[in-house]
Amino acid sequence: MAFDRDYYQRFYFNPRTAVTCKAEMGSRARLIVGCLGYLGLPVGSILDAGCGVGLLRAPLLRAFKDADYTGLEVSEYLCTRYGWRRGSVEKFRTRRRFDLVICYDVLQYLPDISARRAIANLGRLCRGALYFGALTREDWRDNCDRSRTDRVSGLRAGSWYRRELSRAFRPIGCGVWLKKERPLTIWNLDAAA
């Protein structure tokens with residue numbers, strides 16, 4: 001898939017066909033901030049892997065005032081337009097570990113082996129919490145507005161993502177996954193099943 005100007009014009013910049021908006025992503029940022037605040041996780045560094053047009057950047061930096069933000073993006077168009085770091089979540093390497101890693105609406109575009117490698121890489125890059133989302137087979141069937149969502153071939157079941165993510169993370173709920181070695185107590189009914 002070409003993540004070029006036309007793609008972003010259709011799915012992000014045109015209000016009639018956009019898959020999301022600034023207000024929705026602001027709400028998503030408040031959800032992330034609320035979950036991490038409840039858990040008492042300090043956030044000094046953020047990696048947004050597949051940051052797109054960067055709608056989470058401003059609200060997250062308002063909430064985490066001392067944090068620095070790294071936007072990672074495969075789209076040459078977006079990297080040129082916004083100054084993001086160019087690279088893929090599957091192959092991105094750095095010695096740095098991030099307190100918060102975001103990977104939202106990215107991995108459904110990758111084949112299984114690449115998505116598996118990307119999830120393993122998320123486990124290496126993250127030292128605190130991961131906010132994760134991907135369009136699943138079940139979402140395509142039951143939840144999404146197909147007129148505003150690009151059809152992706154080879155969608156995977158949600159159980160596939162949960163199994164792969166559980167190697168390095170434990171689910172907290174609301175899309176938040178906590179790094180397994182974090183010494184936090186999560187009450188039984190607070191965690192996702």
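Which helix does Arg-28 lie in? Select Arg-28 and read off the element: helix α2. We come back to this residue later.

**Whole chain**

First, zoom out. This is a predicted model. Colour the protein chain by pLDDT: the mean is 88, and 88% of the residues reach 70 or more. Among the elements, helix α1, residues 5-13, has the lowest mean pLDDT, at 68. Strand β1, residues 45-49, has the highest, at 98.

Now switch to a cartoon. The secondary structure comes to seven helices and seven strands. From the N terminus on, the elements run α-α-β-α-β-α-β-β-α-β-α-α-β-β. Buried residues make up 47% of the 193 residues in the chain. Among contacts between residues at least 6 apart in sequence, 62% join residues at least 24 apart.

**The sheet**

Select the strands. They form an open sheet of seven with mixed pairing, in the order β3-β2-β1-β4-β5-β7-β6. Which strands stand at the edges? They are β3 (85-86) and β6 (169-173); each has a single partner strand, so one side of each is left without a neighbour in the sheet.

Strand β2, residues 68-73, pairs with β3 in the parallel sense, over two bridges. Pick Leu-72 and look across to β3: its bridge partner there is Arg-85.

**Two helices on the sheet**

Helix α5 lies across β1, β4 (98-104), β5 (126-133), β6 and β7 (176-179). Its direction is at about 145° to β5.

Helix α7 lies across β5, β6 and β7. Against β5, helix α7 runs at about 175°.

In soluble globular proteins, nonpolar side chains tend to be buried together. Here, the largest nonpolar core has 27 residues. Which element gives the largest share? Helix α2 does, with six residues.

Centre on Leu-60. What does Leu-60 touch, not counting residues up to four places away in sequence? The list is Ala-29, Ile-32, Val-33, Ile-46, Leu-100 and Ile-102.

There is a second, separate core, of 25 residues. Select Ala-115, Leu-125, Leu-165 and Ala-168, which are among its members.

**Aromatic rings**

Show the aromatic side chains. The structure holds five aromatic pairs. Pick Tyr-104 and Tyr-131: their ring centres are 5.8 Å apart and their planes are at 25°, so the pair is stacked. This pair links distant parts of the chain, with Tyr-104 in strand β4 and Tyr-131 in strand β5, 27 residues apart.

Colour both by accessibility. Tyr-104 counts as partly exposed, at 24% relative accessibility. Tyr-131 counts as buried, at 4%.

Now return to Arg-28. Is Arg-28 buried or exposed? At 15% relative accessibility, Arg-28 counts as buried, because the cut-off for buried is under 20%. Leaving aside neighbours within four places in sequence, Arg-28 is in contact with Leu-56, Tyr-104 and Tyr-131. Both rings of the stacked pair are on that list.

For another aromatic group, select Tyr-69, Tyr-82 and Trp-84, which form one cluster.

**Two backbone stops**

Most residues other than glycine have a negative phi.

Asp-105 is not a glycine, yet has a positive phi of about 60°. Find Asp-105 in the loop between β4 and α5. Asp-105 is partly exposed, with a relative accessible area of 33%.

Where is Cys-174? Look in the loop between β6 and β7. Cys-174 also has a positive phi of about 60°, although it is not a glycine. At 51% relative accessibility, Cys-174 counts as exposed.

Methods: Residues numbered from 1 in each chain as written. Predicted model: local features only at pLDDT ≥ 70, side-chain atom pairs only at ≥ 80, totals over all residues. Heavy atoms only, no water. pLDDT = per-residue confidence, 0-100. Helix = DSSP H or I, 4+ residues; strand = E, 2+ residues; numbered from the N terminus. Pairing = 2+ DSSP bridges. Contact = heavy atoms within 4.5 Å. Axes fitted to C-alpha atoms, helices over the stretch in contact; angles between N-to-C directions. Core = buried A, V, L, I, M, F, W, Y, C linked by side-chain atoms within 4.5 Å. Buried < 20%, exposed > 50% of the residue type's maximum accessible area, 1.4 Å probe, protein only. Phe/Tyr/Trp six-rings, centres within 6.5 Å; stacked < 30°, edge-to-face > 60°.
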